[in-house]
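Please look at the protein chain below. The briefing after it goes through parts of its fold, topic by topic.

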Amino acid sequence: MSTLAEHVEQYLKLRRAVGFKLVGEGQLLAEFVRFAAQAGESTVRTEAALEWARLPAGGSRNYLSRRLRAVRSFARYLHALDPACEVPPIELLPASKYRPAPYFYSDREILALMTAARELDPPLRAATMETLIGLLACTGLWIGEALRLDREDIDHGNGLLTVRDSKFGKSREVLLHPSTVQALVSYAETRDRLCPHPKTSSVFITARGTRPAHPTIYQPFRALLDQAGITDLSCQRRVRPHDLRHSFAVNTLLGWYRDGGDVAARMPLLSTYLGHVDPAATYWYLSAAPELLALAAERLEQSEARS
């Protein structure tokens, strides 16, 4: 292991000890270390960091900025130990100031994705993808939360799912609809029949009996999008599994507006359900979905007319 790799390992260890997960950042830094070694660099140089950050052809502005930020954060740590280390200015690859517009799946598109998943091969992959897509669509879980679920995290009797150690280091309970519970029971029966001796206690497993990783989900998901006739918003804004979470949140808010309830009073409930630490992350959906914005404006007009 190179000295730079050892520093990365220690840096990640320290930050994870105080609660940061740094899964993506860890992968990016491992890539950077390999790049630096091939370039003959023993520390972080701004020129090398910038060259590495720009490597992905067609990478979005925000993704390239994220790559540089990962190296920059590590470099700020390393500079205290190695004065020769350079800290790349973030202004070299600034991120977009605007959050990209999400893709909102229709019910028909979600059904088309699940139908296409049912035709995958082998059968265990088909069952896993179909059930995973359905769970993401009806609970709004982050995909990482769903992949980390263990069998003990699902209480079929009480219709509860426990999300442990979520994105922000907290755990929460998610209430499940009876139809969702039944779908999970059906998947468990299929999973245990097709793979009676898995290598993990994970709810979702691969055809090899292991816990799925993000790449094992994203690759077949892209193929399912094509089969379902769902196209990307642009060459730099691809439709993702994460957009199922956005769709769940927007559909929930639409339902609240349409039933005439007090949406503002219910917002903290949705924030808690989704695992948002900052309620502003939930309120963002009001401006992200044109239909929601229109309903909010209509509600405001009605309120002003009554006052």
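Leaving aside neighbours within four places in sequence, Leu 93 is in contact (heavy atoms within 4.5 Å) with Leu 50, Ala 53, Arg 54, Leu 64, Ser 65 and Leu 68. The model is predicted: local features need pLDDT of at least 70 and side-chain atom pairs count only at pLDDT 80 or more, while totals for chains, interfaces and linings use all residues. Residues are numbered from 1 along each chain as its sequence is written, and side-chain values use heavy atoms, with hydrogens and water left out.

**Two buried loop residues**

- Leu 93 is found in the loop between helix 4 (61-79) and helix 5; helices (H or I, at least four residues) and strands (E, at least two) are DSSP runs, numbered from the N terminus.
- At 12% relative accessibility, Leu 93 counts as buried; buried means under 20% relative accessible area, exposed over 50%, and partly exposed in between (1.4 Å probe, protein chains only).
- Leu 93 and Arg 61 are 32 residues apart in sequence, and their C-alpha atoms are 7.6 Å apart in space.
- Arg 237 lies in the loop between helix 9 and helix 10 and is buried, with a relative accessible area of 11%.
- Between the C-alpha atoms of Arg 237 and Ser 60 there are 8.0 Å, although these residues are 177 residues apart along the chain.

**The chain as a whole**

- The secondary structure comes to 13 helices and 3 strands.
- The chain has 307 residues, of which 43% count as buried.
- Among contacts with a separation of 6 or more, 59% are between residues 24 or more positions apart.

**Nonpolar cores**

- A nonpolar core is a set of buried Ala, Val, Leu, Ile, Met, Phe, Trp, Tyr and Cys residues joined through side-chain atoms within 4.5 Å.
- The largest nonpolar core has 41 residues, and those with the most contacts inside it are Tyr 105, Leu 113, Leu 141, Leu 161, Leu 224 and Ile 230.
- Two or more residues of this core come from each of helix 5 (107-117), helix 6 (123-139), helix 7 (143-147), strand 2 (160-163), helix 8 (178-194) and helix 9 (214-228).
- Helix 6 gives the most to this core, with 9 residues.
- Apart from this core lies another, of 27 residues, among them Leu 12, Leu 29, Ala 36 and Val 71.
- Not counting residues up to four places away in sequence, Leu 141 touches Leu 135, Leu 136, Ala 146, Leu 149, Leu 161, Val 163, Arg 172, Val 174 and Arg 245.

- Glu 109, Ile 110, Leu 113, Ala 116 and Ala 117 are buried in helix 5.
- Why are they on the same side of helix 5? They cover an arc of only 125° around the axis, where the arc is that of the directions from the helix axis to the C-beta atoms.
- The exposed residues Asp 107, Arg 108 and Leu 111 are on the face of helix 5 turned away from its buried side.
- Helix 6, helix 9 and helix 10 (243-258) are what the buried residues of helix 5 pack against.
- Pro 122 has its place in the loop between helix 5 and helix 6, and a cis peptide bond, with omega about 0°, joins Asp 121 and Pro 122.

**Helix pairs**

- Axes are lines fitted to C-alpha atoms, for helices over the stretch in contact, and angles run from 0 to 180 degrees between N-to-C directions.
- Angles under 35 degrees count as roughly parallel, over 145 as roughly antiparallel, 65 to 115 as roughly perpendicular and the rest as oblique.
- The axes of helix 1 (residues 3-17) and helix 2 (residues 23-38) come within 10 Å and cross at roughly 170°, so the two helices are roughly antiparallel to each other.
- The axes of helix 10 and helix 11 (residues 263-274) come within 11 Å and cross at roughly 155°, which makes helix 10 roughly antiparallel to helix 11.
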